[in-house]
Amino acid sequence: MSTITIRNGTYRNIPVKNASFLLVKDFTVGTKGGYVTVKSEGYFGPEHDVVRVKVNGIEELEFTSKDTMQSSTAKQVNFPKVVEPIETEEEAMTRIRERFEILHDMTKAATAGDIRAMIVSGPPGVGKSFGVEQEIDKACLFDKLAGKKLRAEVVKGSATPIGLYQTLYKYSDSNCVLVFDDCDSILVDDVALNLLKGALDSGKKRKISWLSESSTLRREGIPDSFEFKGSVIFITNLKFDQMKSQKLRDHLDALQSRCHYLDLTLDTMRDKILRIKQIAKDGVLFQDYDFDEVTCDEIINFMDTNQARLREMSLRMALKIADLRKSFAGNWKRMAETTCMKPA
Ligand SMILES: Nc1ncnc2c1ncn2[C@@H]1O[C@H](COP(=O)(O)OP(=O)(O)OP(=O)(O)O)[C@@H](O)[C@H]1O
Ligand SMILES: [Mg+2]
């Protein structure tokens with residue numbers, strides 16, 4: 001990725017002067033004037049990943065090499081402090097921990113039937129499925145002991161509209177929790193999407209209907225409409241509020257307005273590294289590996305140092321590297337470079 005120094009520009013009417021960024025998209029002239037698209041990397045506050053900085057013309061820009069960028073970013077000349085206070089590492093850790101606590105609490109509430117619909121959004125490999133499944137397993141175990149019967153099902157990958165209808169019917173009782181994990185294909189199929197809208201609706205009565213004649217449903221004795229009383233958790237990598245396609249945006253807005261929407265806000269590289277450090281520090285990330293503390297630190301430091309080249313910054317990547325460390329103690333860095341990193 002090239003880097004660019006913005007001599008003079010604005011972001012949401014706030015001056016951006018002599019600051020350097022990783023360039024996402026070259027200078028472009030849109031309906032409201034010229035802009036460049038750059039990586040915020042915490043510069044404009046933690047919630048911004050990629051931003052468009054307005055500039056009057058290309059003369060306000062200077063392409064810089066990576067080395068120059070580092071020295072120039074370090075200076076971050078003249079950027080007014082009033083923009084948004086830059087979050088400290090500790091504050092970011094607290095924010096991330098809180099979000100995951102909310103994920104656990106909301107899932108628990110869904111298993112208790114107190115929350116009927118939730119969407120969880122976050123980048124790959126940060127622990128969305130893990131958090132939800134852990135709570136569901138706990139609730140199932142507890143319910144078994146208590147002699148109740150919570151019924152939970154995790155649907156992964158794609159689902160055809162009729163398959164979705166059948167699953168919703170099967171888990172339509174109030175003691176059921178359905179988790180759709182990485183089922184984004186539902187969102188691009190109008191029929192499936194409407195079924196999902198029905199299931200996620202916050203209204204008192206959620207009636208779901210199958211509008212066309214179906215021999216499959218008849219054969220299985222499934223009615224062509226029923227009331228859905230279960231809870232639904234939809235886990236996705238998509239950021240609903242940042243989708244480009246207007247058609248999809250409209251649908252997603254409709255879904256979002258119907259249910260609880262939890263964005264785990266792990267958008268910047270720094271957030272992702274902090275999350276990994278957090279789980280490692282809690283002693284749970286590498287617990288199956290019998291590593292000593294020095295080895296755990298070595299893996300985390302390796303990821304930190306190579307953050308720009310790793311194909312993904314995630315807990316999943318940390319575990320992949322841990323596998324290599326375990327199997328190839330003398331050569332793991334070289335192996336990780338080959339299998340986990342983009343070419344130099
Ligand atoms: N709190 C945790 N403690 C220990 N390991 C964890 C924790 N959270 C996640 N992991 C591990 O990290 C890996 C990635 O987690 P998970 O599969 O939940 O990510 P995800 O956010 O659902 O990713 P994707 O969007 O790609 O499905 C898994 O191997 C999981 O076991
Ligand atoms: Mg997952």
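Which hand does the crossing of α9 and α10 have, left-handed or right-handed?

1. The crossing of α9 and α10 is right-handed. A crossing is right-handed if the near helix is turned clockwise from the far one by less than a right angle, and left-handed if anticlockwise. Helices here are DSSP runs (H or I, at least four residues), numbered from the N terminus.

2. This is a predicted model: local features need pLDDT of at least 70, and side-chain atom pairs count only at pLDDT 80 or more, while totals for chains, interfaces and linings use all residues. Residues are numbered from 1 along each chain as its sequence is written, and chains are lettered from A and ligands numbered from 1 in the order in which they are written.

3. Helix α9 spans residues 293-305 and helix α10 residues 315-327. They pack at about 125 degrees, axes 10 Å apart. Axes are lines fitted to C-alpha atoms over the stretch in contact, and angles run from 0 to 180 degrees between N-to-C directions.

4. In α9, T295, E298, I299, F302 and M303 meet M317, A318, I321, A322 and R325 of α10; contact means heavy atoms within 4.5 Å.

5. Helices α5 (residues 190-200) and α7 (residues 246-258) cross at roughly 20 degrees, their axes coming within 9 Å. They are therefore roughly parallel. Their crossing is left-handed. Among the residues that meet are L193 in α5 and A254 in α7.

6. Ligand 1 has 15 residues around it (a heavy atom within 4 Å); G125, K128, S129, F130 and N237 come nearest. A backbone N or O atom of G125 lies 2.7 Å from a ligand 1 oxygen atom.

Definitions and conventions:
Side-chain values use heavy atoms; hydrogens and water are left out. Helices (H or I, at least four residues) and strands (E, at least two) are DSSP runs, numbered from the N terminus. A polar contact is a pair of N or O atoms within 3.5 Å; within protein, one must be able to donate a hydrogen and the other to accept it, and residues adjacent in sequence count only if both atoms are side-chain atoms. Angles under 35 degrees count as roughly parallel, over 145 as roughly antiparallel, 65 to 115 as roughly perpendicular and the rest as oblique.
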